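Subject: Structure handover

Hello,

Here is the structure for you to open. My notes on it follow below.

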Amino acid sequence: MILAALTAGDYLLLPPICLAIALVTSAAHREKMSDILRHAVRSWLILMGGIVLFMFAQTFFFEFVLP
Amino acid sequence: MSQEHQTTPRGRLLRLLVGAGLLALGCLIYALSRAYDAQHRGALLAIVAMVFAFHFIGQAFRRPPGGRVERVEESAEPPPAHMAFSVVLAWLVPGLGHWVLGRRAKAMLFFGVISACFFAGLFLADARNLNYERDSIWFWAYGWNGLETLGAAYLARGLALDHYVPHLAVGYLYVAVAGLLNMVAMMDVVAMWIRSEESHA
């Protein structure tokens, strides 16, 4: 998913779609709403952390490694 | 009475089959995209399908004790005939299958999230992403969100891609993800159906 949206090239549109995926996949395996929300927020934060790390790595690569 | 269930072998097999199917579908879409689409737009869809495939395969092989478990309100399980119909309803409208099974909160969550994702995609692409002749490959993912896709595709049938749409690619992605997320919701209804059959057996 992250790769797909990064390929599409619009980073700001990533958080909402990642939240949607986190919410639905979390709800598909749980019944209690509190469990669903807690797990979804955790998954979403992990996804966002991954994206930020990816962007840092990408910037580092293009700014320092590639030249 | 609330009771915790582990994923059943049949549920694991079903998830594995769906995952394998999605993986094959992703490969097929990627190959078709490479062969027939100069812009490789289908590659995005192939990646999305593969991500969902790995999600399902991961679910099939997850470790039951100590890991995530599925919580089921056993007494609230309706009879199997009702469940079969609810799968069709879940395909038609996101969350409707859960609604008729009495899972109102989850139904509203599915409907809200999936519909928001779908309409956000339409908005981003200016409704230019629903032409079957131009974007037939994307309908492999759109098709899982039955009524919304059919209605929107019917209403947008005459719209031509006659101006620059800045977020067109992301619009495709949002609507495709909405369709695939509805498939996840449908799978949840199917899992409830399987558990119901097992509890009745």
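Chain B has eight helices and two strands. Along the sequence they run β-α-α-β-α-α-α-α-α-α. Please keep in mind that this is a predicted model. Of the 201 residues in chain B, 44% count as buried. Among chain B contacts with a separation of 6 or more, 77% join residues 24 or more positions apart.

The core

The largest nonpolar core holds 69 residues. Which members touch the most others? They are A:V24, B:L45, B:V48, B:C117, B:A176, B:V177 and B:L181. From chain A, α2 (14–27) and α3 (33–65) each supply at least two residues. From chain B, the helices that do so are α1 (9–36), α2 (42–60), α3 (80–92), α5 (104–124), α6 (139–142) and α8 (168–200). The largest share, 20 residues, comes from α8(B). As background, nonpolar side chains in soluble globular proteins tend to be buried together.

A:V24 is worth a click. Leaving out residues up to four places away in sequence, A:V24 touches B:F110, B:V113, B:I114, B:L181, B:V184 and B:A185.

Start with α2(A). This helix has 14 residues, which at 1.5 Å a residue should span 20 Å; the end C-alpha atoms are 20 Å apart, so the two agree. Its buried residues are A:I17, A:C18, A:A20, A:I21, A:A22, A:L23, A:V24, A:S26 and A:A27.

Now α5(B). This helix has 21 residues and reaches 30 Å from first C-alpha to last, close to the 30 Å expected at 1.5 Å a residue. Buried residues in α5(B) include B:K106, B:F110, B:V113, B:I114, B:C117 and B:L124. Just after the helix, B:D126 takes a positive phi of about 55°.

How they pack

What is the angle between α2(A) and α5(B)? It is about 150°, and the axes lie 10 Å apart. Angles over 145 degrees count as roughly antiparallel, so α2(A) and α5(B) are roughly antiparallel to each other. The crossing of α2(A) past α5(B) is left-handed.

Which residues meet there? On the α2(A) side they are A:P16, A:I17, A:A20, A:L23, A:V24 and A:A27. On the α5(B) side they are B:K106, B:L109, B:F110, B:V113, B:I114, B:C117 and B:A120.

Best wishes

Terms used. Residues numbered from 1 in each chain as written. Chains lettered and ligands numbered in written order. Predicted model: local features only at pLDDT ≥ 70, side-chain atom pairs only at ≥ 80, totals over all residues. Core = buried A, V, L, I, M, F, W, Y, C linked by C-beta atoms within 7 Å. Buried ≥ 20, exposed ≤ 12 C-beta atoms within 10 Å, placed from the backbone. Helix = DSSP H or I, 4+ residues; strand = E, 2+ residues; numbered from the N terminus. Contact = placed C-beta atoms within 7 Å. Expected span 1.5 Å × (residues − 1). Axes fitted to C-alpha atoms, helices over the stretch in contact; angles between N-to-C directions. Parallel < 35°, antiparallel > 145°, perpendicular 65-115°, else oblique. Left-handed = near helix turned anticlockwise from the far one by under 90°.
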